[in-house]
Amino acid sequence: MQKKTENVLNFPKSFLWGASVSAHQIEGGNHNQWTVWELENAKARALEAAAHLGDYENWSEIEPAVTDPENYVSGRLADHYNRYSQDFDLLEQMNMNAFRFSVEWSRIEPDEGVWNAVALKRYKDYIEELKRRNIEPIVTLFHFTLPIWFAEKGGFERRSNVKYFTRFAKKIVSELGPSVRLIITLNEPEIYAIKGYHFGSWPPASKSNYKCWRVLNNLALAHRQTARMIHGLNRRYKISISKNSKYYYAGDDALLSRTSAAIMQYIQDDYFIKKVIKSCDFLGVNCYFTSRIYGNRTHNPGRNISDIGWDMQPSDIQHVLERLDRKYHKPIIITENGVADKDDKVRRWWIAKSIIGIQKAMLHGVRVDGYLHWSLIDNFEWAYGKWPRFGLASVDYKTCERKLRPSAIWFGNIIGKIRNL
Ligand code: BGC
């Protein structure tokens, strides 16, 4: 199947082939709510690493990194903020025509109501350079990080704070102007709410289900208000959220398994999507997981496990797409899909299975407009730190050298053949 992947694939000319990143995960040198949390928690995370990750098969390999506090501090990373041209070269080398990234609110508005003209100019130049290279920019406005002043005001816990986000969005959209067409307001809203407010494993490390629910609802409001504002500026903007979606299925015929899978699917996807779908022009979908349910628990086959301990069933993207299409009838862009694989043992297989799954869904009538792989380069993986390697290109954090992994070279050739380049 992998030998001839390009021969069995048939994608429209307009299909977006690209990669995704977020500001805080690759730019380096940020100063926001996350960087504060990183410094406060690095030592504790290193000390607790064995308890969290000690039963991983690759423990002996990851132990030196995960027990080192430095792993948990983002720092300079790949220095994408200054070296972005090198990364755009990689997109071109892979024949890509789309790139999703986020603008870092804390750079644009470092203090309440204070706009940083230099940072705005830098993002404008960034987008212009993408356009010069015929790469479609897809801009994310919120990808998990908050300016410190906004976090201190209570962030999205307070409904009255939503206006600050909409004001930031308005500034960005008016400044970036007509060069941008596709906008993601929020990345994975309930991952943010659950990690930050239910599990407390991300800042602000709260464990309050009430706050979690409130944040989720305020994020939905933030999306709706932002979408209304942007559509009011111009209907040419196409807007969505990036919704993490997984495929839940019952592992047996028991009523409990089937009911649990349906309930979990609803909580995971539909609870939030229903609140925002009317103001989405398309649906951005991030796809990493499958959950096989027995009784009321996930129990995956566990045959293929990625570096980060996640069960890998990439073909199931087909079911995710078909379900979302049946339910919401919107064009879909896959805004993230990828695998932590430092030695590049499975990435090629993952990508092949994923794009064949997408193609099958399209043959069943689903309109898919793009596939953006996570990630273009190795990135800061939030509370895990720097050791998981999701990049199509590896990054040497000492020298900032980036290098396309073999799977990325293969993927780039496939894209070139599909696009007839
Ligand atoms: C997030 C990314 C993250 C990726 C891999 C998605 O949930 O949007 O920020 O790096 O998954 O964990």
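These legends describe several close-up views of a predicted model.

Residues are numbered from 1 along each chain as its sequence is written, and side-chain values use heavy atoms, with hydrogens and water left out. Because this is a predicted model, local features need pLDDT of at least 70 and side-chain atom pairs count only at pLDDT 80 or more, while totals for chains, interfaces and linings use all residues.

**View 1**
The ligand sits in the largest pocket. A pocket is found on a 1 Å grid over the protein atoms alone, as an open set of points where a 1.4 Å probe fits, with protein on both sides within 12 Å along at least five of seven lines. A molecule sits in a pocket if more than half of its atoms lie within 2 Å of its grid points. The ligand is surrounded by 14 residues, and the closest are Gln25, Asn187, Glu188, Glu336 and Glu381. To be counted here, a residue must have a heavy atom within 4 Å of the molecule.

An N or O atom in the side chain of His143 is 2.9 Å from an oxygen atom of the ligand. Trp374 has a polar side-chain atom 3.3 Å from a ligand oxygen atom, and for Tyr288 the corresponding distance is 3.4 Å. How much of the ligand does the protein bury? Taken alone, the ligand exposes 310 Å², and the protein buries 93% of that. Accessible areas come from the Shrake-Rupley method with a 1.4 Å probe.

**View 1. Asn286 in strand β7.**
Asn286 belongs to strand β7, which covers residues 283-286. Strands (E, at least two residues) and helices (H or I, at least four) are DSSP runs, numbered from the N terminus. Is Asn286 buried or exposed? Asn286 counts as buried because its relative accessibility is 1%; buried means under 20% relative accessible area, exposed over 50%, and partly exposed in between, with a 1.4 Å probe and protein chains only. The side chain of Asn286 makes a polar contact of 2.9 Å with the side chain of Glu188. A polar contact is a pair of N or O atoms within 3.5 Å; within protein, one must be able to donate a hydrogen and the other to accept it, and residues adjacent in sequence count only if both atoms are side-chain atoms. Leaving out residues up to four places away in sequence, Asn286 touches several residues, including Arg100, Asn187, Glu188 and Glu336. Contact here means heavy atoms within 4.5 Å.

**View 2. Asp269 in helix α11.**
Asp269 lies in helix α11, residues 255-276. Its relative accessibility is 0%, so Asp269 counts as buried. Which side chain does the side chain of Asp269 join in a polar contact? The partner is Ser245, at 2.7 Å. Not counting residues up to four places away in sequence, Asp269 touches Lys243, Asn244, Ser245, Lys246, Arg323 and Leu324.

**View 3. Met362 in helix α13.**
Helix α13 runs over residues 347-363 and contains Met362. Met362 counts as buried because its relative accessibility is 17%. Apart from residues up to four places away in sequence, Met362 touches Phe11, Pro12, Phe15 and Val368. Met362 and Ala49 are 313 residues apart in sequence, and their C-alpha atoms are 42 Å apart in space.

**View 4. Lys124 in helix α6.**
Lys124 is part of helix α6 and counts as partly exposed because its relative accessibility is 34%. Lys124 touches Glu175 and Leu176, not counting residues up to four places away in sequence. The C-alpha atoms of Lys124 and Ser179 are separated by 8.9 Å, although these residues are 55 residues apart along the chain.

**View 5. Two cis peptide bonds.**
The peptide bond from Pro203 to Pro204 is cis, with omega near 10 degrees. Pro204 is in the loop between α9 (189-198) and α10 (209-233). The bond from Trp374 to Ser375 is also cis, with omega near 10 degrees, and Ser375 lies in the loop between β11 (368-374) and β12 (393-396).

Asp79 is not a glycine, yet has a positive phi of about 55 degrees. Asp79 is in the loop between α3 (59-66) and α4 (80-93) and is buried, with a relative accessible area of 11%. Asn134 has a positive phi near 60 degrees and lies in the loop between α6 (117-132) and β3 (136-142). At 65% relative accessibility, Asn134 counts as exposed.

Note on methods
On a 1 Å grid over the protein atoms alone, a cavity is a set of points where a 1.4 Å probe fits but cannot get out, and a pocket is an open set with protein on both sides within 12 Å along at least five of seven lines; lining residues have an atom within 4 Å of a point.
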